[in-house]
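Here is a short report on charged pairs and nonpolar packing in one protein model. Please keep the structure open while you read.

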Amino acid sequence: ALAPAAGEPAAVAEPAAEQASGWGFGIDRIVLRDGGIRFRDLMVAGAEPVELSLGSFDVEEIALSPAVYGEPARLRLQGRVDEGRFALDAGLAARDDGGFALDARLKARRLPLARTRVYVPNVGWSELEGEFGGGLRYLLETGGRNEVRGQATADGLAVRVPGLDPPGLAWKRLAVLVDPIDLA
């Protein structure tokens, strides 16, 4: 019984002797293919639905105890937004000191910027055009590194402002090299 019956006194459990846990938990692989998400933000006026198709979602060697596999857990996620594509590949490893180390790589190509403008309030622009791409690497270690590096690009970037005929800001191609930035 999980709880004493009505009127019965609750039993007092004796403290158990401390023992090392002899069990571990691991999942070899979880895969989702040809999935999708349709997101419509009803809290932001004028927000258009965003459809995200997931080409594949692949997670390997998930362990509650790091000794189950002896290697970092792996996460692979691929998806599409309109004509753009992205891929995330990450590894998470537990360290002997109780901390962890995360190594994540994101590659993106032709991700649309148009619908992001509604999430940047009070900037005064009326339209945002262009596509995002690049490759970024994020490293995080407890008590150590917390950095991002790589390259980000915006192609066909145009920011339209009410009252101006040409775009207020425009680049055919804008590339930013990030080598590295310490986020701590």
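## Model and salt bridges

The model is predicted. A search of the whole structure turns up twelve salt bridges. Side chains of opposite charge can pair when their charged atoms come close.

## Bridges between strands

Take arginine 74 and aspartate 89. Their side chains form a salt bridge, at 2.9 Å from N to O. This pair links distant parts of the chain: arginine 74 is in strand 3 (residues 73–81) and aspartate 89 is in strand 4 (residues 84–94), 15 residues apart. Arginine 74 is partly exposed, with a relative accessible area of 26%. Aspartate 89 is also partly exposed, at 28%.

A second bridge joins arginine 173 and aspartate 155, at 2.7 Å from N to O. This pair, too, links distant parts of the chain. Arginine 173 is in strand 8 (residues 169–182), aspartate 155 in strand 7 (residues 146–160), and 18 residues separate them. Aspartate 155 is partly exposed, with 28% relative accessibility.

Some bridges share partners. Through them, Glu141, Arg145, Glu147, Arg149 and Asp179 are joined into one network.

## Glutamate 83 in its loop

Glutamate 83 is in the loop between strand 3 and strand 4. Its side chain meets that of arginine 80 in a salt bridge, at 3.9 Å from N to O. The pair counts as a salt bridge because the cut-off is 4 Å.

Is glutamate 83 buried or exposed? Glutamate 83 counts as exposed, because its relative accessibility is 53% and the threshold is over 50%.

## Nonpolar cores

Which residues make up the largest nonpolar core? The six are Leu54, Leu77, Val81, Phe86, Ala108 and Leu111. Strand 3 and strand 5 (100–112) each supply at least two residues of this core.

Phenylalanine 86 has contacts with Leu52, Leu77, Gln78, Gly79, Arg80, Leu106, Lys107, Ala108 and Leu111, leaving out residues up to four places away in sequence. Among these contacts is Arg80, the residue that bridges to glutamate 83.

A second core is separate and has five residues. Leu113, Leu128, Ala154 and Leu157 are among them.

Definitions and conventions. Residues are numbered from 1 along each chain as its sequence is written. This is a predicted model: local features need pLDDT of at least 70, side-chain atom pairs count only at pLDDT 80 or more; totals for chains, interfaces and linings use all residues. Side-chain values use heavy atoms; hydrogens and water are left out. Helices (H or I, at least four residues) and strands (E, at least two) are DSSP runs, numbered from the N terminus. Buried means under 20% relative accessible area, exposed over 50%, partly exposed in between (1.4 Å probe, protein chains only). A nonpolar core is a set of buried Ala, Val, Leu, Ile, Met, Phe, Trp, Tyr and Cys residues joined through side-chain atoms within 4.5 Å. Contact means heavy atoms within 4.5 Å.
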